[in-house]
Amino acid sequence: MNISLTSELENFVKAQVASGQYSSASEVIREALRGHIHSVRQREFEQRLELSRKAWSAGDVTEADDAYFDGKIERLRSRHGL
């Protein structure tokens, strides 16, 4: 895979390798992608958490107690003929 970088990004990558913190440009890019993936997942988690909080505040939740799971198990058993 080949990628194109702006001169600013290319200089940054070269500086990171020159600093000795990374052994190659590929290592710098992999680390940057890992950081980006982490940021995306963190934002998605925070969005889901906010939706859950809103649902909780609105009373739009179901308590997952033993009766809830027993009902789920029974529905699965009847659906699959167990």
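A quick word on the model. It is predicted, so local features need pLDDT of at least 70 and side-chain atom pairs count only at pLDDT 80 or more, while totals for chains, interfaces and linings use all residues. Residues are numbered from 1 along each chain as its sequence is written, and side-chain values use heavy atoms, with hydrogens and water left out.

Now for the whole chain. It has three helices and zero strands, in the pattern α-α-α along the sequence. Here helices (H or I, at least four residues) and strands (E, at least two) are DSSP runs, numbered from the N terminus. The radius of gyration, taken over C-alpha atoms, is 24 Å, well over the 12 Å that the globule rule gives for 82 residues, so the chain is more spread out than a compact globule. That rule is 2.2 Å times the number of residues to the power 0.38. Along its principal axes, the C-alpha trace spans about 60 × 35 × 20 Å.

Here are the glycines that come after the helices:

| Helix | Glycine after the helix | Phi |
|---|---|---|
| H1 | Gly-20 | positive, about 90 degrees |
| H2 | Gly-59 | positive, about 75 degrees |
| H3 | Gly-81 | positive, near 65 degrees |

How do H1 and H2 meet? H1 (residues 7-18) and H2 (residues 25-57) pack at an angle of about 110 degrees, with their axes 9 Å apart. That makes H1 roughly perpendicular to H2, a label for angles of 65 to 115 degrees. Axes are lines fitted to C-alpha atoms, for helices over the stretch in contact, and angles run from 0 to 180 degrees between N-to-C directions. H1 brings Val-13, Gln-16 and Val-17 to the contact, and H2 brings Ala-25, Val-28 and Ile-29; contact means heavy atoms within 4.5 Å.

The 33 residues of H2 should span 48 Å, and its end C-alpha atoms are 48 Å apart, which agrees. H3 (residues 66-79) has 14 residues and reaches 20 Å from its first C-alpha to its last, close to the 20 Å expected.

Key: Parallel < 35°, antiparallel > 145°, perpendicular 65-115°, else oblique. Expected span 1.5 Å × (residues − 1).
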